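Trainee: I would like to learn how to read contacts, cores, ring pairs and strands in a model. Can we go through them in turn?

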Amino acid sequence: MPDREQQYILEHLEAILPWKCAGVVVAEYHRHPPELPLPSTCLPNHRFSIMLSGSFRTDLARHGVYETVRTTPGDALILQPLCRHFNAVYENCESLAVVLYFGMLRLVWSFDTEKAAIYYIRDTLRPVTISAISTLGLLGNSPEDLAVAAQLVPATLELICQDLRNSRGESNGKGRETWNQITQYLLEHFQEEITRERVAEQFQISAGHVSHLFQRYCKDSFCDYLLNLRLQLAARMLREEHLTIGEIAGECGFGSTTYFIRQFRRNHGVTPGEYRFSHHA
């Protein structure tokens with residue numbers, strides 16, 4: 001039987017389908033401008049939101065320039081991986097947020113900043129749904145891309161609804177819910193100095209239990225999961241930023257440039273400098 005959170009989102013999602021997209025805004029990845037405050041999050045996930053009522057206003061990058069954008073009912077906001085947005089203002093905003101994680105999908109139905117329901121799809125998440133969401137995250141703000149997005153967002157919602165309808169409702173057990181919260185915490189803090197012990201203290205559990213949760217619900221250990229987040233950000237910064245290798249190491253949460261270079265080479269087969277050169281050649 002579906003649990004309460006799953007049933008809530010399913011009923012509300014089915015009620016708005018077929019959904020018609022009135023407009024699309026893409027928040028692009030762009031280097032953080034020094035005159036703006038640092039964002040609270042810089043998530044590597046593919047994600048998007050649809051506006052159902054009220055409005056949402058924020059500063060984000062489009063065409064390489066930060067500007068204030070306002071979304072209203074019927075609009076879709078697509079956030080490219082590692083994009084940044086600032087100064088969010090909610091005005092009686094009802095929305096559905098979709099966030100793709102490693103092997104699971106997070107659905108959040110919200111009213112302004114209050115979350116009415118959160119559900120994770122894991123058991124029935126299909127490759128076609130993952131591909132659709134990932135494709136949205138690759139689109140930009142060209143007229144051609146926006147036209148594609150306006151067609152793809154409604155189709156993606158249909159796929160999500162099918163996966164949600166078929167889910168067995170097992171993803172909100174206590175252990176899994178704690179692990180979901182930990183992975184969300186890591187996504188928001190992986191650029192900081194963070195340890196397994198700090199996470200354990202944050203969630204009032206033992207460090208051993210943190211390791212147990214990753215062994216049970218993830219293919220990676222805690223350390224490998226954290227390392228992959230940092231390396232993913234580092235790879236993108238090497239492709240698109242002009243910072244030094246040491247500066248990128250620090251931005252991504254590595255305490256040592258030497259350690260960063262060694263881990264990057266182990267995972268990519270080349271040094272950060274060689275990786276950067278190959279993508280600018």
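Mentor: Start with contact, which means heavy atoms within 4.5 Å. Leaving out residues up to four places away in sequence, Phe 260 touches Leu 231, Ala 234, Ile 245, Ile 248, Ala 249, Phe 254 and Pro 272. This is a predicted model, in which local features need pLDDT of at least 70 and side-chain atom pairs count only at pLDDT 80 or more, while totals for chains, interfaces and linings use all residues. Residues are numbered from 1 along each chain as its sequence is written, and side-chain values use heavy atoms, with hydrogens and water left out.

Trainee: Which residues touch the most other members of the largest nonpolar core?

Mentor: In soluble globular proteins, nonpolar side chains tend to be buried together. A nonpolar core is a set of buried Ala, Val, Leu, Ile, Met, Phe, Trp, Tyr and Cys residues joined through side-chain atoms within 4.5 Å. Buried means under 20% relative accessible area, exposed over 50%, and partly exposed in between, with a 1.4 Å probe and protein chains only. Here the largest core has 44 residues, and Leu 186, Val 199, Phe 214, Ile 248 and Phe 260 touch the most other members. Helix H7 gives this core its largest share, 11 residues. Apart from it lies another core of 35 residues, including Val 26 and Leu 105.

Trainee: How many aromatic pairs are there in the whole structure?

Mentor: Rings of Phe, Tyr and Trp (its six-membered ring) pair if their centres lie within 6.5 Å; planes under 30 degrees apart count as stacked, over 60 as edge-to-face and the rest as tilted. A search of the whole structure finds 12 such pairs. In one of them, the ring centres of Phe 214 and Tyr 225 are 5.5 Å apart and the planes are at 65°, so the pair is edge-to-face. Because Phe 214 lies in helix H6 (residues 207-217) and Tyr 225 in helix H7 (residues 222-240), the pair ties together parts 11 residues apart in sequence. Helices (H or I, at least four residues) and strands (E, at least two) are DSSP runs, numbered from the N terminus.

Trainee: Are Phe 214 and Tyr 225 buried or exposed?

Mentor: Phe 214 is buried, at 0% relative accessibility, and Tyr 225 is buried at 3%.

Trainee: Which strand does E2 join?

Mentor: Two strands pair if DSSP finds at least two bridges between them. Strand E2 (residues 46-62) runs antiparallel to strand E3 (residues 65-71), and 7 bridges join them. The two form a hairpin with 2 residues between them, and His 63 in the turn has a positive phi of about 55°.
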